[in-house]
Amino acid sequence: MTIYNFGSINLDHLYQVDHFVRPGETMASKSYQCLLGGKGANQSVALAKAGAEVKHVGAIHHSDQAVLDQLSALGVDTKLIATLDVPTGHAIIQLNAEAENAIILFQGANHALTSEQVDDVLAQANAGDWVLLQNETNQIEYTMKQAQAHGLKVAFNPAPMDAELTKKVLPSVDLLIVNEVEAMDLLGVCDIETASQTLPTAYPDLSVLMTLGKAGVRYFPKQEAGQRMESLFVEAFSVEAVDTTAAGDTFIGYCLSSLMNNEDMTVALKRACAASALCVTKMGAASAIPSSADVTEFLAKQA
């Protein structure tokens, strides 16, 4: 099976700072790096490193061939990425001493996808393939409806959260992946416990993964007619974090890769949590995503 990731590709301008810049403040950074990023690209890299066959669908400026070279070197199929006369998306990232980040995002070519591009890609897909989307590109609703029409499975990570858009497209989604803040925003509640109780009842026809940062992850399966399906909870691994930028993307890539291989959900969640834990111990986004071998070794040490 193949996963078609309709996702963002960014150049991440990463600045390490003592604290987030305050209004009116000018502050020198401790370091600067320009790295491959974007939630879409990060998730494609994680999928590839986890062993999945992933074809990235997106757009960049025609001068940024190095971006395609880097993605290809990391195992991502880049043939479906358009090169345009539109600036490549980029992000300005502040990383503070507590390993928290603040991000300004410029969408650029990420919002230049066309319906024709979507149609051409989905015409290549086969039954059983997956389509993955985040909320950093355009054509989201159209892509989902067309994917559903082709009989493909759809996974949606609505980050950054747009509650109204998310509610609108949920009938076309098979697996929703949100963090605790996104879940609260979607449901209009103010605490994680209420969100955990409300999600399975608000969306019983949807499978939902809710990541909880340091606490772990909770999975709410689609409720089958006539029986109640119990949720699953897997704890996170305790590590010393230095940069959380791509932790969620790493989790998604590794989890989806396991699900595509029909692995048990608990096993998939533990492997994804391990990959996410290793990711936060390194600086950067795509460059911090661990290999499958590193994740296997880490899990063996935790046993």
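This is a predicted model: local features need pLDDT of at least 70, side-chain atom pairs count only at pLDDT 80 or more; totals for chains, interfaces and linings use all residues.
Leaving aside residues up to four places away in sequence, Phe-251 touches Leu-209, Thr-211, Val-217, Leu-269, Ala-272, Cys-273 and Ser-276.

## Helices H9 and H10

The axes of H9 (residues 265-279) and H10 (residues 292-302) come within 9 Å and cross at roughly 105°. The two helices are therefore roughly perpendicular to each other.

On the H9 side, Lys-270, Arg-271, Ala-274, Ala-275, Ala-277 and Leu-278 meet Ser-292, Asp-294, Val-295, Thr-296, Phe-298 and Leu-299 of H10. By class, this contact has seven nonpolar, two polar and three charged residues.

## Aromatic pairs

Two aromatic pairs are found in the whole structure. Tyr-15 and Tyr-32 form a tilted pair, 5.1 Å centre to centre with 40° between the planes. Tyr-15 belongs to strand S2 (residues 10-16) and Tyr-32 to strand S3 (residues 31-37), so the pair ties together parts 17 residues apart in sequence. Tyr-15 is partly exposed at 29% relative accessibility, and Tyr-32 is partly exposed at 42%.

Phe-237 and Phe-298 have ring centres 5.3 Å apart and planes at 80°, so this pair is edge-to-face. Phe-237 sits in the loop between strand S13 (232-235) and helix H8 (247-260), whereas Phe-298 is in H10, 61 residues apart. Phe-237 is partly exposed at 22% relative accessibility, while Phe-298 is buried, with a relative accessible area of 12%.

Definitions and conventions:
Residues are numbered from 1 along each chain as its sequence is written. Side-chain values use heavy atoms; hydrogens and water are left out. Axes are lines fitted to C-alpha atoms, for helices over the stretch in contact, and angles run from 0 to 180 degrees between N-to-C directions. Helices (H or I, at least four residues) and strands (E, at least two) are DSSP runs, numbered from the N terminus. Angles under 35 degrees count as roughly parallel, over 145 as roughly antiparallel, 65 to 115 as roughly perpendicular and the rest as oblique. Contact means heavy atoms within 4.5 Å. Ala, Val, Leu, Ile, Met, Phe, Trp, Tyr, Cys and Pro count as nonpolar, Asp, Glu, Lys and Arg as charged, and the others, Gly among them, as polar. Rings of Phe, Tyr and Trp (its six-membered ring) pair if their centres lie within 6.5 Å; planes under 30 degrees apart count as stacked, over 60 as edge-to-face and the rest as tilted. Buried means under 20% relative accessible area, exposed over 50%, partly exposed in between (1.4 Å probe, protein chains only).
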